[in-house]
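Dear colleague,

I am passing on a structure that you have not worked with before, and my notes on it follow directly below. Please read them with the model open beside you.

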Amino acid sequence: SNNLANLIEIWGLENGLMIFRDNSLGFILEISALDISCKRDDSVNLLADKIRHFLNGLPQFTDIQIIQEINQGNSKVIAEHQKLEATSTDSLCKLVLDERVKRFNDLEQNNMLPKHSLKFVVRRKIPELIQRPRLFGKKKDFEKLSEQILSREVKATISLRENIIQEMQSLGIYSRALFDKEIYDQLYWQWNPNRSIDPPEKYDASDLRNELVFSDVILNDHGFTINGVHHRVLSLKMLPDQTCSGMADKFKRLPFQSRLFFSIHVPDQQKEIESLKMHRRIAYSMVNGKQTGVRDLDSEAKFHDLESLLSEMIAQGERVFHVAVNVVLKS
C-alpha cells in the first residue's frame, strides 16, 4: 500500500515504552550534552574509553540511535536571564545585562542562536522472534505473543532503561525517560511539520498508525516533501581512515532545522566472529596461495587487520557493531 500510515514502524505506546510492528520494544531518553571543548586530551580519551565500555555492555540484538536536532527556541532562557535585572542594584550591571539580552534576542530572531537537543532511542528485539527468514519467505508483522512472554520482555526493557540511565549518570550525562504523551508529540511533529493544529490530548495508544499522519508526502529524486517541508537525507558511505576522540564535536555546526542520526546495532557476536574467521581464511589463501607474480598487498593488509580484530574480540572481549550516520536537512 502507498499509505504512509501502513509503513510506519511504531505500533503503540504503553508505560513509556514504544511497541513496534515486529513486537520489539523501545524507549526514548532525553540526554544532556557534554562540553569537551576545554578538556585536556587525556580527559577526552578517558571519556572515550568509558563510552566504549558502555557500548560493550549492551545486550545483543539491541539498536540504539542518538538524535541531535538543531533549532531555534532560546527565548525562554533569555527571559530567565533578563529576570536577573530585578535582583541587581548596580546601574552598570543593568546596562550590561540589557545590552546582552538585546544582542541575544537579535541573534534569536535572525536564526543565529542554535538550540541543541539530544535524544537517545533504544529498540530491543524479543529473542523468541529472532530467527532467519526462510527463502522467498515474507517477514511477519504483529505476531501473536503470550501474556507471559510480553510481561517478561516489558520488565526486561524497563530494567535495561534503568541500567542505561545509571550508566549515563556515571559518564556525567543527565538523562530522563520521555512519557507516552511526549513521545507521541515528537512523532506527531515529525510526520506533520508546519501543521497549524497541535497534537490532540487524547489518542489511541494501542494503534498509533492512524493517529500520526495527517499530511501528504511527495517523493522525488532529491528527497521527499511532507506538508510543504522538503527533506534531504545525507548518508555516510565510507568510514574515515583515521578517527580521534571528540571529533563528533564538529557536528554542532550543522545548519538549523537539521537532524543527525547516529545509529548502532549490536549483532550476534558469535556469528560475527565466525564471519570474520571465514574472511580471514579467504584472505590467507589469497596471500599464500599465489606462487608467482606480484604480491597481493590488499589481501595482506586485510589479513593482518582481521587477525588483530579477532584477537581483540576473543582475548579482550571487544565487540563488533553495525554503525550508520545520517543527516536530515529540512527547509
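In helix α5 of this predicted model, the buried residues (buried meaning under 20% relative accessible area, exposed over 50% and partly exposed in between, with a 1.4 Å probe and protein chains only) are I183, Y184, L187 and Y188. Seen down the axis of α5, these buried residues fall within an arc of 135°, so they line one face of the helix; the arc is that of the directions from the helix axis to the C-beta atoms. An α-helix has 3.6 residues a turn, so residues three or four places apart point the same way. The partners against which the buried residues of α5 pack are β1 (10-14), β2, β3 and α6 (209-212), where contact means heavy atoms within 4.5 Å. Helix α5 itself covers residues 180-191, and its 12 residues reach 17 Å from the first C-alpha to the last, close to the 16 Å expected at 1.5 Å a residue, the expected span being 1.5 Å times one less than the number of residues.

Helices and strands here are DSSP runs (H or I of at least four residues for helices, E of at least two for strands), numbered from the N terminus. Residues are numbered from 1 along each chain as its sequence is written. Because the model is predicted, local features need pLDDT of at least 70 and side-chain atom pairs count only at pLDDT 80 or more, whereas totals for chains, interfaces and linings use all residues, and side-chain values use heavy atoms, with hydrogens and water left out.

On the α2 side the contact involves S75, I78, H81 and Q82, which meet L97, R100, V101, F104, N105 and E108 of α3.

Finally, N23 has a positive phi of about 70° although it is not a glycine, and N23 is found in the loop between β2 (17-20) and β3 (25-31). At 6% relative accessibility, N23 counts as buried. N227 also has a positive phi, of about 55°, without being a glycine, and at 32% relative accessibility N227 counts as partly exposed.
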